[in-house]
Amino acid sequence: MLTSLRYLAGTAGPSGFGSRTTAEEATAAAGDLGHVTAIITGATSGIGAETARVLAKRGARLVLPARSLKAAEEARARLVGECPGAVVVVLPLDLSSLASVRRFVQRFLGLGIPLNLLINNAGKYADRFAVSEDGVEMTFATNYLGHFLLTRLLLEKMAETARETGVEGRIVNVSSTIHSWFSGEDAVAYLDRVTRRKIPYDPTRAYALSKLANVLHTRALAERLREMNANVTANCVHPGIVRTRLIRDRDGLITNTVFFLASKLLKTIPQAAATTCYVAVHPAVAGVSGKYFADCNEASPSRLGASGDEASRLWTFSDAITAEKVQKTSVVRATAGGFQLHQVQC
């Protein structure tokens with residue numbers, strides 16, 4: 001009850017910020033970010049676009065991956081229009097495709113520029129069951145697995161940049177409090193069952209699983225960064241409830257009524273981007289890794305989200321199905337024994 005009242009009032013937490021803090025306010029202490037190069041997925045609209053705008057305003061160089069290059073170029077034009085002199089690079093990326101992720105990384109590394117900041121922000125809510133070209137349920141593939149591979153392929157670059165510049169690298173995974181809605185079942189087992197159509201597809205549960213995976217990824221990633229002795233941190237954020245395009249696409253009487261009744265709980269987009277920006281660049285977060293943040297303050301994930309064993313299992317599973325064991329012709333398929341890699345004859 002007290003937490004809810006503090007949220008509604010926008011009361012500041014230990015960080016000095018609260019639920020009503022905006023992204024610009026959360027980044028003021030970071031000063032000039034001209035030394036920072038950031039990749040931000042899902043930056044063509046909503047929270048990602050506001051995150052990009054605020055970081056560009058602070059001087060950061062941005063790389064915007066996008067499935068729609070037209071939308072990305074429009075986002076770039078808006079950024080340059082508001083922030084003359086901003087350096088914004090647009091590259092194609094479809095997070096639901098592991099091959100596309102690998103092509104993006106090759107293109108990015110070919111630019112020969114540093115990488116200080118990776119913000120895994122893009123999200124998808126699939127109303128109907130679908131599988132990616134790699135045979136993985138689409139919401140999980142887009143929200144989590146593509147980001148997992150993207151991060152893994154960029155880790156060495158981030159560690160190298162941190163060594164050469166002395167500037168701490170940061171990885172921010174954007175999750176949601178909805179991750180707590182998935183409980184009572186092993187994540188990998190559930191994904192296998194839903195992919196093989198052994199159970200009905202529930203879009204909300206699938207979305208909750210993908211957001212839980214983001215939390216678990218953060219925990220396991222932070223541990224691996226420590227093992228690498230890399231000057232790079234990984235943290236996870238809940239941006240808050242905001243009516244972005246992800247939800248507006250489901251307009252209707254029920255949705256509109258719920259949002260009208262809950263209007264006092266909603267954040268504006270500048271407020272929703274605050275926690276991402278705070279964790280990405282605020283000096284107070286230096287050296288902090290493996291944590292979950294909400295309203296610009298450390299918070300607690302769900303019991304399952306805090307499980308080291310579950311994080312380790314998911315990492316092993318993700319590493320196996322994203323491994324390039326059969327060049328260019330690999331596809332992940334669900335079988336009676338789980339997920340396996342098969343060769344496709346072309």
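## Helices α5 and α6

In α5, L98, V101, R102, F104, V105, F108 and L109 meet L145, G146, L149, L150, L153, L154 and K157 of α6; contact means heavy atoms within 4.5 Å. These residues of the α5 contact with α6 divide into 11 nonpolar, one polar and two charged. Gly counts as polar here, and Asp, Glu, Lys and Arg as charged.

Helix α5 spans residues 98–110 and helix α6 residues 138–165; they pack at about 25 degrees, with axes 9 Å apart. That makes α5 roughly parallel to α6 (angles under 35 degrees).

## Basis of the model

This is a predicted model: local features need pLDDT of at least 70, side-chain atom pairs count only at pLDDT 80 or more, and totals for chains, interfaces and linings use all residues. Residues are numbered from 1 along each chain as its sequence is written, and side-chain values use heavy atoms, with hydrogens and water left out.

## H238 in strand β6

H238 is found in strand β6, residues 232–238. H238 counts as buried, at 12% relative accessibility (buried means under 20% relative accessible area, with a 1.4 Å probe and protein chains only).

The H238 side chain reaches the backbone nitrogen of T177 at 3.0 Å. Leaving out residues up to four places away in sequence, H238 touches S175, S176, T177, T275, Y292, F293, A294 and D295.

## Helices α8 and α13

Helix α8 (residues 203–227) and helix α13 (residues 308–322) pack at about 90 degrees, with axes 8 Å apart. That makes α8 roughly perpendicular to α13 (65 to 115 degrees). From α8, the contact uses A213, L216, H217, R219, A220, L221 and R224; from α13, G308, E310, A311, L314 and W315. The contact residues divide into seven nonpolar, two polar and three charged.

Technical notes
Axes fitted to C-alpha atoms, helices over the stretch in contact; angles between N-to-C directions. Helix = DSSP H or I, 4+ residues; strand = E, 2+ residues; numbered from the N terminus. Parallel < 35°, antiparallel > 145°, perpendicular 65-115°, else oblique. Buried < 20%, exposed > 50% of the residue type's maximum accessible area, 1.4 Å probe, protein only. Polar contact = N/O pair within 3.5 Å; in protein donor to acceptor, adjacent residues only side chain to side chain.
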